[in-house]
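Subject: Handing over the two-chain model

Hi,

Here is the structure I said I would pass on. Have a look at it first, and then read my notes below.

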Amino acid sequence: MALLQISEPGMSTAPHQHRLAVGIDLGTTNSLVASVRNGISVVLNDEHGRAMLPSVVRYFADGGIVVGDAAQAQQSEDPANTIVSVKRFMGRGLSDVGDISQLPYLFAAEGQGMVQLRTAAGIKSPVEISAEILKVLRIRAEASLGGELVGAVITVPAYFDDAQRQATKDAARLAGINVLRLLNEPTAAAIAYGLDNASEGVYAVYDLGGGTFDISILRLSRGVFEVLAANGDSALGGDDFDQRIYCWILERNQLSALNPKDTRLLLTQARAAKEQLTEHDEARITAVLSGGEVIDNVLTLAEFEDMSKNLIQRTMQPLRRALRDAGLSVEEVKGVVMVGGATRMPQVQRAVGEFFGQTPLTNLDPDKVVALGAAIQANLLAGNQGGDDWLLLDVIPLSLGLETVGGLTEKIIPRNSTIPTARAQEFTTYKDGQTAMSLHVVQGERELVADCRSLAKFELRGIPPMVAGAARIRVTFQVDADGLLNVMAREMSSGIEAAIEVKPSYGLSDAEIARMLQESAEHAKDDMLARALLEQKTEADQLLDAVEHALVQDGELLDASQRAEIETRLNALKETLSSRDHLAIKRAIVLLNEATVNFAQLRMDKSVKQALAGKNISELEVK
Amino acid sequence: MLDAAKTHFQLFGLESSFKLDRKRLEEAYRALQAEVHPDKSAHLADSEQRLAMQRSTLVNEAYQTLKSPIRRARYLLALNGIDTQEETNTAMPVDFLMSQMEWREAVADAQKRRDVAALDRLASGMKQDTARLEESLAVKIDEDRDYEGAALLVRKLRFMEKLAEEIGSAYDEIDN
């Protein structure tokens, strides 16, 4: 840029050994991407300066896909093809979704695994839909940081089970992202808080997001973040509060069985009312339904608190469990950190404050703190941190077990075990010459297999034939630092490695992932164009800002014709911004730059004169 | 740095005894994890990452074993060639079994009455009894070197551990 830009020595952006890494908060309602720049974690905005990307994906019949604000703005237009809160479907089966008649989507009926949605662009798995959100964030990050990412830390609710974690990792792979680590959301928030405030002691992180609830108890001491216990409810969040208001509207107006458009409209109004009630004592809800019915109600804060009381109550039980598992009493908790947009609700803050007997900490933006923490961790994992680092010890939130006779579970790895962790167990054959056996792995705390979540069936093959009971098959269950389970098996007397075929209960098979990757490779060209466009738009915005600022500051240095020339080119650049042609924007940038060379020189002369006149250069604001 | 042939005690530079300085264990654990944790090699080759996972898993396993008194005792006895026979040896002093039955009835009763205060009392009583058993275990192992006697105490502790689990699930049931 020709316009004089002064930057502090030692603050140069991206020295060449700096590896570009980001933290991504893939949220139920909104997603964010952040990165460490010049030693500070910052959220990366889109070209309109918006930090939050609504986690909304709309599919068109021609294969077009719109993600984010535009999709959200039109969600009641085409609710069946506009997917919101897809995170709730990650690693989940149809029976987990609850009352599907309440949702405006068409579910593909076949298969018992993860739910699939029938859209105008074909059948889509929640993994593919999430990948679209991640792709937009990756492109945004690459445009804003000016290069390819070495990887990303993606956050997941601490209480996500193995299937939900695996689905998240698969989505990142589909989006062309190298996952440095899956990081628990409350832990990410603790990093952002802890490193900021150099805190020591036991902290609780209460994270109520759009669709998930987590509570984590951590001990912070001298650069070590040790998670002592995690608990939660992966199907409880701000969405449920919207749902309560929605039901209240239906009741008030004696409505039933709305069409998808009206459902979406009223849910949107319900959410707006909820947000209104964080600052006001009442909210007015107005809408005109497709049949012409007019909705006009006033909801008071007291009514809202009453109808949402038991939702908040549902978060208290995990709190008590987490403390019990950590072996701590409420008095031993030094601070409580609030995370997630839903913790803005005054009744939530009050309930948490009463439980812990102290005012919760809200000094970091609850919507951004997870992404900021994830970016800090990504920077460390990418190897940018140097000597000044910290250690994170996280846990597995739910016990892993094996199905035994009679449909009972036998715990192999208890909940709140620090990861990575492993457990080996020996099995034997019960028939002569038996060469295969099957293991059913479940996750959860209950005694009956039916009450736990089925993760996968592992088929072991290639066991050398022996008499019954002679084979000794050692099966190792390894949970890695992402909280993901891997299973290995070996026959001990022969040393033969048994082949394992994994049949995930709610996940995608390797073949399905391969097919999706193939398809997304075909779209890679679109991605590159989108990134080039975004890069040029970002650069154009910066240039426009700088020039406009300089015109206001020092416009009098120019004569009328010089000024007109700059303004013409400035407007020309503005016009190209609405196009999708990145080359046109680039040309307009070059032209505007050329026109400002002389102006920059004039400003430089002026600032030097002022400096000589004894003025402080920092007052000049020549940026 | 990490040698699989080392005992868990050697790994953390601690003496092989039941009595243990919790603070020294924690510090040694953190120092070791700071070297081997997979987060330290996330930017390196896959083979390095796998190695880190194995090492970190081993350090976690060793730490969990030494941190828990019952697991520490079991491990020490195994190092001395003694199997605690928790699954096979069911011979228990009659008075111990009687007191266990009383405990369990009291827990079931508190759960039925949804009496959290009663559960709190039971939990703290159970903790005191456990602590007493652990003190005797320290004498039996570190001073008397009576490993058979220690094995019996480990079996008793296993009962207390199950009792603690039952108290935990009673709290959960009341919460539900």
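Predicted model: local features only at pLDDT ≥ 70, side-chain atom pairs only at ≥ 80, totals over all residues.

**Chain B and its domains**

For chain B, that assignment gives domain 1, covering 8-67, and domain 2, covering 94-175. Between the C-alpha centres of domain 1 of chain B and domain 2 of chain B there are 30 Å.

**Where the chains touch**

How many residues of chain A are in contact with chain B? It comes to 20 residues of chain A, which meet 16 residues of chain B. On the chain A side, at least two residues each are supplied by strand 11 (179-184), helix 9 (309-326), helix 11 (369-381), strand 18 (391-393) and strand 21 (421-427). Helix 9 of chain A gives the largest share of that side, with four residues. If you sort the residues of the side of chain A that touches chain B by type, you get 11 nonpolar, four polar and five charged.

Strand 24 (residues 473-479) of chain A runs antiparallel to strand 25 of chain A, and seven bridges join them. One pair to look up there is Gln478(A), whose bridge partner in strand 25 of chain A is Asn486(A).

**Another sheet, with a helix on it**

Chain A also has an open sheet of three strands in the order 6-5-7, again with antiparallel pairing. Why is one side of strand 6 and of strand 7 of chain A left without a neighbour in the sheet? Strand 6 (65-67) and strand 7 (82-84) stand at the edges, and each has a single partner strand. The twist here averages 15 degrees from one strand to the next. Three bridges pair strand 5 (residues 56-59) of chain A with strand 7 of chain A in the antiparallel sense, and Val56(A) has Val84(A) of strand 7 as its bridge partner. Helix 3 (residues 126-145) of chain A packs on this sheet and touches strand 5, strand 6 and strand 7; its direction makes about 65 degrees with that of strand 6 of chain A.

**Helix 3 against helix 4**

Helix 3 of chain A also meets helix 4 (residues 162-174) of chain A: their axes come within 8 Å and cross at roughly 55 degrees. That angle makes helix 3 of chain A oblique to helix 4 of chain A, and the crossing is right-handed. Among the residues making the contact are Val127(A) and Leu134(A) from helix 3 and Ala171(A) and Leu174(A) from helix 4. By type, the residues of this contact are eight nonpolar, one polar and two charged.

**A hairpin to finish**

Strand 15 (residues 282-288) of chain A and strand 16 (residues 294-300) of chain A run antiparallel and are joined by seven bridges. Thr286(A) is opposite Asp296(A) of strand 16. The two strands form a hairpin with five residues between them, and in the turn Gly292(A) has a positive phi of about 95 degrees.

Cheers

Definitions and conventions: Residues numbered from 1 in each chain as written. Chains lettered and ligands numbered in written order. Pairing = 2+ DSSP bridges. Axes fitted to C-alpha atoms, helices over the stretch in contact; angles between N-to-C directions. Contact = placed C-beta atoms within 7 Å. Nonpolar A, V, L, I, M, F, W, Y, C, P; charged D, E, K, R; others polar. Parallel < 35°, antiparallel > 145°, perpendicular 65-115°, else oblique. Left-handed = near helix turned anticlockwise from the far one by under 90°. Domains from an automatic or database assignment.
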